[in-house]
Every structure is written in C-alpha cells, then in structure tokens.
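Let's take a friendly walk through a protein model.

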Amino acid sequence: MPSRRLVAALLAAVTAVTALAGCSSGSEESRCASDGVTITCAPDQRSKTPKVSGELLTGGSYDISQARGQVVVVNFWGSWCAPCRAEVDDLEAAYQATKASGVTFLGINVQDSKDKAIAFEEGRVTYPSLFDPASRQALNFDIPPNTTPATVVLDRDGRVAVVIRRAITRDELQPIVERIAAEQPASGSR
C-alpha cells in the first residue's frame with residue numbers, strides 16, 4: 001500500500017500537470033486548427049486581441065490599437081533564449097519583406113533585464129519591442145513563459161489569426177504573413 005506521502009506527491013504532480021496543460025492550451029486551440037505548436041484560425045474563428053500596451057525598450061510607449069488596419073506580427077523573446085537568437089535575423093528579414101504590404105512587427109521582451117534586451121536587439125531589428133519582464137503581455141495571449149519564443153499574427157481587424165509556439169524561420173513566417181495581409185478586413189476597409 002502506498003504511503004500517504006507518496007499519494008500526496010502523486011496528487012500534487014497530477015495537479016501541476018493539469019494546471020500547466022490548462023495554461024498552455026489557450027482558447028484558440030479549442031476552436032481553431034492546431035498541430036500542438038501552430039494554431040491557425042479561420043476568419044470566423046478569430047478572437048480579438050487582448051490589450052497590448054506598455055513601455056518600449058528604447059523609451060516611449062506603445063499601444064497596439066494604433067496599428068489597427070495593419071497586420072501585426074507579435075514576437076515574444078528574451079536575450080537569454082537560444083531559439084530567439086536563432087530566429088531574430090529571420091524575423092527582421094520577414095519584416096523588411098512585408099512591411100510595404102501594411103505589415104508591422106512588435107517584439108515583446110520577457111523575463112529579461114532591460115540592458116541585456118537592448119544589447120540583444122542592437123543592430124539586429126528595426127521594429128519596436130515592449131519591455132515586459134513579468135510576461136504579463138504573454139499571459140494575456142495565453143503564451144506560457146516556457147514557450148518562448150512564440151509568434152502571434154494578428155489580422156487587420158486586430159484578431160488572432162495564427163499562434164506559433166516555437167522558433168520560426170523567414171521561409172515559414174513570410175507566407176503566413178503574406179496570406180493574412182492579402183485578406184480583406186471584416187470591416188471592409190483598409
């Protein structure tokens with residue numbers, strides 16, 4: 001017969017796993033196509049973007065509502081994250097290739113120090129990044145801290161179209177962004 005300590009430890013482990021599974025499976029996964037890493041939502045399945053605003057790494061403030069009418073690619077990253085280092089050049093290249101189509105990028109730096117984050121971006125990216133050391137913005141998007149890097153593509157109406165919970169290459173990201181940019185906004189205007 002198992003000891004009470006063993007039973008208590010097993011119950012705690014099951015509870016922790018259940019809680020983590022609940023955190024990592026956002027509402028998008030329940031109604032959109034998902035392979036467990038990438039979630040793709042059809043226009044009629046998309047949810048509104050949570051409030052995204054805050055302090056930029058380079059100073060000043062940012063509010064995502066100012067980008068309405070544009071496709072917005074939001075990338076969660078940290079200077080400490082090896083996959084983030086691997087994808088940064090691809091993100092910048094995808095940004096440069098698509099910005100003329102009404103696409104903007106926003107980085108959100110998580111669980112980092114400001115000095116390290118600024119040094120990481122210097123000479124690598126030209127789009128802005130929010131400083132979010134507590135990962136509040138990531139949690140608003142149902143992006144658990146253990147899934148950094150993650151990239152979210154918002155359509156022109158500010159709705160979540162695609163969520164990618166891993167590092168991405170330009171060859172993967174650019175066609176997704178171009179497809180979302182080619183869609184007509186639900187409001188009918190650009």
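The accessible surface of this chain comes to about 9,600 Å², and carbon and sulfur atoms account for 56% of that surface. Keep in mind that what you see is a predicted model.

Now for the overall build. You can pick out six helices and nine strands in the chain. Of its 190 residues, 44% count as buried. How do the contacts run along the sequence? If you take the contacts between residues at least 6 apart in sequence, 66% of them join residues at least 24 apart.

Next up, the cysteines. A disulfide is a covalent bond between the sulfur atoms of two cysteines. How many disulfides does the chain have? The count comes to two, and here they are side by side:

| Disulfide | Sulfur atoms apart |
|---|---|
| C32 and C41 | 2.1 Å |
| C81 and C84 | 2.4 Å |

Count the bonded cysteines along the chain and the pattern reads 1-2, 3-4.

Let's start with C32 and C41. Their link is right-handed, with 105 degrees about the S-S bond. Are these two cysteines buried or exposed? Both C32 and C41 are buried.

What about C81 and C84? The torsion about their S-S bond is about 80 degrees, so this disulfide is right-handed. Why does C81 count as buried? Its relative accessible area is 3%, and the cut-off for buried is under 20%. C84 has 2% relative accessibility, so C84 counts as buried too.

How values were computed
Residues are numbered from 1 along each chain as its sequence is written. This is a predicted model: local features need pLDDT of at least 70, side-chain atom pairs count only at pLDDT 80 or more; totals for chains, interfaces and linings use all residues. Side-chain values use heavy atoms; hydrogens and water are left out. Helices (H or I, at least four residues) and strands (E, at least two) are DSSP runs, numbered from the N terminus. Buried means under 20% relative accessible area, exposed over 50%, partly exposed in between (1.4 Å probe, protein chains only). Contact means heavy atoms within 4.5 Å. Accessible areas come from the Shrake-Rupley method with a 1.4 Å probe; for residues, only the protein chains shown count as cover. A disulfide is a pair of cysteine sulfur atoms within 2.5 Å.
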